[in-house]
Amino acid sequence: MFILEVILGIVLCVVGFLWWWQRSARIYWEKNGVSYIPGPPLLGAVKDSILFKKSLGDLFSDLYNNEECKDDPITGVYFFHKPSLIIRHPEIIKNILVKDFPNFIDRGLNSDPHVDIIGRDNLFTVKSDRWKTIRTKLSPVFTSGKLKNLFLLMVDVSKVLEQKLAKEIGNEPKEYEMKELASFFTTDTIAMCAFGVQANSLLNPKAEFHVNSKKALDFHWKRAIEFTTCFLLPEVASKLGCTMFSRETNEFVRSTVNYVIEERIKSGIKRNDLIDTLITIKETDGDLFKGDTLVAQAAVFLIAGYETSSSAISFTLFELARHPEVQEKLRKEIKEYAEKYGTIQYETINEMEYLQSVVQETLRLYPSLPFLDRICAPVNGEQFYSLEPYHKFQIPKGMPIYIPVISIHRNPKYFPNPEQFIPERFSAENKESIDQYSYLAFGLGPRSCIGSRFAYFQVKLALFSILRNYKVEVSERTPTKMKFDKKSLVIRSQEPLLMYLKRI
């Protein structure tokens with residue numbers, strides 16, 4: 001009898017705790033006049049993504065488009081134990097990312113402070129004043145003059161891509177997994193432009209650079225849990241020893257960067273690339289940028305660039321295969337500019353308006369990150385940030401803020417017929433009608449992607465090189481409907497993006 005009483009007592013305590021959790025969460029948002037999307041205790045609204053039932057892109061779309069809240073400027077949720085805010089209103093987004101940026105300078109993600117310097121001290125993850133310093137030091141890599149020099153190196157890689165396709169594609173179409181083909185190209189361009197190293201991934205799929213870059217964002221269930229914890233449960237991530245990248249990836253980047261830096265210093269050769277910038281930083285700010293902090297800047301450039309650009313290339317080819325009329329219009333522009341300049345030049349890629357529109361439309365439908373996150377940290381010692389006149393709620397210090405990029409990009413209020421692939425919406429005559437705070441492919445404001453122009457050149461150069469001589473067509477194995485990978489933090493297809501390339 002005593003044992004039954006104990007068991008009954010435990011059950012009642014658990015039930016009481018769950019009831020209290022649900023009630024207190026609902027009351028918190030109700031008393032602040034904020035609409036609320038409930039979720040199960042302990043996990044909250046993120047449950048389906050944690051259990052790999054739903055991708056984060058689909059999760060944020062569901063939260064954004066919730067029938068009871070979709071017209072509200074903000075909505076409250078609980079992600080695990082923490083009240084968090086979903087932002088919909090473009091003016092609030094503008095204030096958070098641009099106008100009042102000092103109040104929202106940091107992202108929320110975190111990892112083990114003792115073993116993951118590379119993961120937590122890079123430009124993407126680093127906090128506050130340290131972020132400002134690193135951003136300032138790295139900005140010279142992406143000036144127009146530097147990009148022109150790097151573009152010449154990209155062209156060399158594009159020629160290898162063209163040689164590869166010419167060798168492999170005969171009179172019959174050849175089927176490629178486009179994400180993989182694109183990742184060979186992006187690995188080689190980043191290795192060449194950032195590290196001054198020939199990775200040779202296009203010619204050797206088992207090349208060390210490509211294998212390790214791919215592993216860095218290989219979201220098997222264990223890494224997926226660890227990565228998601230870093231983003232959505234940062235306090236726990238720092239205590240459980242979670243790392244942004246695997247220890248194997250960290251060791252590869254560490255050994256590669258340190259070796260290349262040492263060799264560059266010995267040779268005295270200047271390439272005006274990322275490594276030269278890191279050497280300058282090391283020599284002028286050695287105390288601030290030492291050890292893995294220096295390596296971290298190269299790591300995020302390699303890994304983020306590999307994933308985002310290869311996804312953009314493959315998603316563009318997927319949409320072009322399904323929209324042959326768009327593909328033909330783009331190919332016409334490519335041939336006109338190829339004839340105009342004779343060879344691929346910086347100006348060639350820069351002037352092609354329809355190519356730019358095609359890439360922008362792809363990134364609207366498939367932004368690399370499904371959401372942007374920030375932490376509220378009011379300046380001047382304030383404890384709250386006011387949302388007046390858009391809402392009476394005052395965001396308390398430390399509250400996570402989420403901006404559902406993919407959902408905003410697919411909102412018919414900002415983009416009519418949002419599920420359709422229509423590059424013309426970004427044409428010169430139409431793009432002025434687009435609210436700039438509803439297009440967030442690379443973020444906005446001081447913490448927008450520092451490498452966005454580099455990424456655009458990468459993507460456009462790959463498309464130019466492929467579509468100039470080949471037609472991309474759907475195959476029997478091309479997905480008929482895009483489904484996002486449920487284990488991936490970034491937007492990635494669940495199915496292989498298999499398509500034909502046919503010589504024309």
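Guide: Accessible areas here come from the Shrake-Rupley method with a 1.4 Å probe, and for residues only the protein chains shown count as cover. For this chain, the accessible surface comes to about 22,300 Å², and 54% of that belongs to carbon and sulfur atoms.

Visitor: Happy to start there! What kind of model is this?

Guide: This is a predicted model, in which local features need pLDDT of at least 70 and side-chain atom pairs count only at pLDDT 80 or more, while totals for chains, interfaces and linings use all residues. Residues are numbered from 1 along each chain as its sequence is written, and side-chain values use heavy atoms, with hydrogens and water left out.

Visitor: How many of the residues count as buried?

Guide: Buried means under 20% relative accessible area, exposed over 50%, and partly exposed in between (1.4 Å probe, protein chains only). Of the 504 residues in the chain, 56% are buried.

Visitor: Which residue has a positive phi although it is not a glycine?

Guide: One of them is asparagine 380, with phi of about 60 degrees. Because its relative accessibility is 74%, asparagine 380 counts as exposed. Asparagine 417 is another non-glycine residue with positive phi, near 50 degrees, and with a relative accessible area of 45% asparagine 417 is partly exposed.

Visitor: And where is the cis peptide bond?

Guide: Look from glutamate 388 to proline 389, where omega is near 10 degrees.

Visitor: What share of the contacts joins residues at least 24 apart?

Guide: Contact means heavy atoms within 4.5 Å. Among contacts between residues at least 6 apart in sequence, 73% join residues at least 24 apart.
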